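Hello,

Here is the structure I promised to hand over to you. Have a look at it first, and then read on for what turned up in it.

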4 protein chains.
Amino acid sequence: MVTIAIFGAGRIGRLHAMHAAEHPRISVAYVVDPVEANAAAVAAITGAIIADAERVFADNAVDGVVIASSTDSHAGLVQRAAAAGKAVFCEKPLSLDFASAQACVEVLNRQGTRCMLGFHRRYDPSFRAVRERIRDGTAGVVYQIIAFSRTGAIPPIDYIRVSGGLFRDSSIHDFDMARYLLGEEIASVYAVGGCLADEAVGAAGDIDTAMITMVSRSGKLVQINNGRYTPFGYDQRIEVLASNEVLRVDNAPRDTVVVGTREGLSSAGPVHSFIERYATAYRAEMEAFAQLITEGKAPLADHNDGLEAQRLAEAAVRSMCDKRPVAV
Amino acid sequence: MVTIAIFGAGRIGRLHAMHAAEHPRISVAYVVDPVEANAAAVAAITGAIIADAERVFADNAVDGVVIASSTDSHAGLVQRAAAAGKAVFCEKPLSLDFASAQACVEVLNRQGTRCMLGFHRRYDPSFRAVRERIRDGTAGVVYQIIAFSRTGAIPPIDYIRVSGGLFRDSSIHDFDMARYLLGEEIASVYAVGGCLADEAVGAAGDIDTAMITMVSRSGKLVQINNGRYTPFGYDQRIEVLASNEVLRVDNAPRDTVVVGTREGLSSAGPVHSFIERYATAYRAEMEAFAQLITEGKAPLADHNDGLEAQRLAEAAVRSMCDKRPVAV
Amino acid sequence: MVTIAIFGAGRIGRLHAMHAAEHPRISVAYVVDPVEANAAAVAAITGAIIADAERVFADNAVDGVVIASSTDSHAGLVQRAAAAGKAVFCEKPLSLDFASAQACVEVLNRQGTRCMLGFHRRYDPSFRAVRERIRDGTAGVVYQIIAFSRTGAIPPIDYIRVSGGLFRDSSIHDFDMARYLLGEEIASVYAVGGCLADEAVGAAGDIDTAMITMVSRSGKLVQINNGRYTPFGYDQRIEVLASNEVLRVDNAPRDTVVVGTREGLSSAGPVHSFIERYATAYRAEMEAFAQLITEGKAPLADHNDGLEAQRLAEAAVRSMCDKRPVAV
Amino acid sequence: MVTIAIFGAGRIGRLHAMHAAEHPRISVAYVVDPVEANAAAVAAITGAIIADAERVFADNAVDGVVIASSTDSHAGLVQRAAAAGKAVFCEKPLSLDFASAQACVEVLNRQGTRCMLGFHRRYDPSFRAVRERIRDGTAGVVYQIIAFSRTGAIPPIDYIRVSGGLFRDSSIHDFDMARYLLGEEIASVYAVGGCLADEAVGAAGDIDTAMITMVSRSGKLVQINNGRYTPFGYDQRIEVLASNEVLRVDNAPRDTVVVGTREGLSSAGPVHSFIERYATAYRAEMEAFAQLITEGKAPLADHNDGLEAQRLAEAAVRSMCDKRPVAV
């Protein structure tokens, strides 16, 4: 059995708690959250004790910690966990401040901390299948990747204010996916963006629409299109053009009903959110965390991957600002 | 070069005329139609002379005749063509009266007339591809066939009155397709039907909705569903369940636009009519007729196929009437 | 809170146990299964006590029982539950013997037992959406229903021997769906079938391929095609032709990857089994059982529905045997 | 009746000739081509006289000329046609040399020549439907456009050498489509590209893979991905993200067969070439040319559109060379 503690009992913390509770080899010993109701909810699902951080890090029985608390607490908790010798499963990013993230990664590398970063898309069966066909050579040589990532509705402006901006908050998943699929690093980033969908986003200092072009070190081309708003809802697709195959991951429809009328055929739009779209992926993450702890099996994404994706986000910010491609 | 004459210059006759005119090896010498405007239209497309039947059958230069005139004239024209030694491409049916059709087929067989019957679906690339995968063994052993054939809108009641009824007029294409795909004969037919969509059809003595179940001699199962009305338009699909493959022919959409909104995704319904759906098939029929004349190459469907499909239509009429399966 | 007991801890029993355990308002007090390992597995998930039937029925704290034990035990347990005043959630069928099922239903009706029958498809969001569009008039008048239900692989012959045969075991879900969607009773059933896919099924006295035609009391037409084997896997679709809309429920694909090569485009086949396909439906069933207990809210399917579907299965057996349509 | 002459009897010239011949109101008086066999083939289809340019321009009966000859002859012929007062339907580009194209457009504008440029995609029903939904406000405000245009196979290197390069030869259709759909001009172009698929293309001084990002004057974002090679064949799609709708134009499949096996579902790839994909569009172009001549009705694309698209191609060339976005 693996014993873990969960920091943060909000939406994503509760999700991990549920999967941990369902997992036959994981026991949730503690939950830590300043909001009592949230902590209580996770305690009810998992049987965990509501505790503070000190108690968690002091308890030798705790093998690993899931860090799903507010973003500004990530770096501190990760480093305390590293010091206490716990395995870490941290939601992205380590820190919105790139220098802090860098410092944090250095600590983790120095201490040899087993750390898994919450790039859940890597655990999605469809994206994984695409990765496999590239890695084992079936797809052939990759030429181009086109990634679509857009949420259905503009999130609350309060969230946007603390999100780090579209590139650091949302595009980062596409930056990671590009690296994951290409299996190599990016050499240059060019980004354009604007506030086309909702002025309130602009007033909060962010953009709601963006397009990014990247070239990898060996010359492969990547296009990303992002947005905070999509009429038909949550939109996350990718297309890889390679020498043998074109690989596509489509959205997952809400149901399988097709209605035919005089006007044509209509079918369901995509599932509403990442919660539904990536249910299998989140479950697989918990299993991977268990394997990281028990067998030391490397996760699909670690803190170094987190840092590299952030590096691309920083480059995108600069590119949009300077109106030129930025070398990475 | 192949020299032909066209009997009947209505919608289907004009279609054949156009394809004949476009065909590099076919010359249309005559067009025969009591309605002068129709004959003139075909003459304009093809350069044909407007003539009467006598002149056509007397002209030794005429290699073959396309019979697309009114149904009640088919059997007579076919037999005159046979007597004159012309190759025949006749629209289905030879006659709505089964005994006449039988007599006609006997004549054709006795005289060794090269005759092609207008079961255009056999010439459609999609249905042909399915047939090929069955015939060459790729699909494996066939277990079941499910056929959908429905027109979009109730045809004019005047047409329904002279159509021979749903089974003889419309289901006949499915009877033929079942024989074509199975490669064997049907042993029993069970049909149910009713006038559910439009009372006027019932008042005209026909049904607008039907379902047919057939068992082949070797025990394979066939289901057909037919109707004179479909909300989304012209609907013609088939599904074959075999031991290695499930083969499906879907409708062809009118365009390739997809519109995504809050309500879901909508796409175009099927093309409006057999004219658009089977454009390639009709063109292939004219090529097949040319090959029948020049090389004696057997067409995909001949008069015997026409008679067998009609036999199944007669059985369906009887089955619905007697409320029991009818052995064929 | 609702307190329940679970009879039968095999595959389906364990599924219900898991959903009961996840449900915030349900507590599983007992599990009953002669196979100790099975009972222990459910006890581990749910915290239930392993008990025998006597103890369950004697415990006044038990509000309802889930009956997922072997088919031959259903009728007996249902009647004991009824006598003990427990609410019942029973997997289909009540009994493979129609007379016993009838007797059982009479008892349930006489005693006013709150009983829910496990026709899980009624709880599937896609099938439900279709039902809703019919019921609220959006779809218009229904003319035809075409149902496809086939498992991917021939089940173990030992299972086939005790299954009651294809019509009672598998087609029964389509019989139920036809009644559910039509909102009216069936007047006649015509069935054909054979052992085309695997001789071993025939040797065990069953068929592996069938087609059924039904006519409802008001003249609507239904076609069902069934099989124990489908090359591409678990296949469960429906199509409803109505005056305003054609409604279709398609299979749910395993993933959303599309691979394009020189040969064409390929995508994933359907999910492998009812477990994955109907995950949401099974969860909804447990919620419905909770609501049946706490609010007396009528389930989507009860014992009378179970009996009516069985009546159609019996008619299908007779029809195939007598080679004629059977009035119901 | 409209009397035209056709310059150039290669693949595209022959296509226009066929559609002109089929058109009820167009008569082809002359065909001009230095390759005798080509000219003869068009003469056979159309009944045209094989002539030289002098005779065509001197004949007052000629209303318009279709210019489908080699690219380097376009500008000269267009200007002679303008001088002779003929309407012009010219294949793109007016000239691969931008200055010559500019000079040519000035002449056409000064003389008020009725000129239609062969941007056939504008005449495709699917792209047109998308344009209409944008123009009439249904789609709402456009935020992003993503365009895919790739040929299936690397064209002959000899063709590549005289093609003007990927941006001027192929991307130009996407540049035009972007302007057509946005209804406004482009402000900046950023292009990256490489020779990833076939070294021979690079040796011939061209690229085979490219990605372009453009920002319109009002800040809308456009991404284009191009290539000379696609495993599944001819690939031409577009996606428009707007405030009310996401609009997509998909590829048109070769047939409608779906094959289901243990491995999944496979369906046909796209039609093989622009000839099949844009058959309807080419036919519509000929009708538009007839309307331009008889009614003076403005075509969907004229010489000014040709020049603007070329301007973007020139900017893309410069951007890729200078590795920076280029203002237009």
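Before we start, one term: two strands are said to pair if DSSP finds at least two bridges between them. Please also keep in mind that this is a predicted model.

With that term in hand, look at where chains C and D meet. Strand E14(C) and strand E14 of chain D, residues 264-267, pair in the antiparallel sense, and three bridges join them. Within this pairing, Ser266(C) stands opposite Ser266(D) in E14(D).

How many residues does the contact take from chain C and from chain D? Eleven come from chain C and eleven from chain D. On the side of chain C that touches chain D, strand E13 (257-261) and strand E14 (264-267) of chain C each supply at least two residues. E14(C) gives the most to that side, with four residues. Sorted by class, the side of chain C that touches chain D has four nonpolar, six polar and one charged residues.

Now turn to chain D and a pair of helices. Helix H1 (residues 11-22) of chain D packs with helix H11 (residues 279-295) of chain D at an angle of about 65 degrees, and their axes are 9 Å apart. The crossing of H1(D) and H11(D) is right-handed. From H1(D), the residues Leu15(D), His16(D), His19(D) and Ala20(D) meet Tyr282(D), Arg283(D) and Met286(D) in H11(D). By class, the residues of this contact of H1(D) with H11(D) are four nonpolar, two polar and one charged.

Enjoy exploring, and write back with any questions!

Best wishes

Terms used:
Residues numbered from 1 in each chain as written. Chains lettered and ligands numbered in written order. Predicted model: local features only at pLDDT ≥ 70, side-chain atom pairs only at ≥ 80, totals over all residues. Axes fitted to C-alpha atoms, helices over the stretch in contact; angles between N-to-C directions. Left-handed = near helix turned anticlockwise from the far one by under 90°. Contact = placed C-beta atoms within 7 Å. Nonpolar A, V, L, I, M, F, W, Y, C, P; charged D, E, K, R; others polar.
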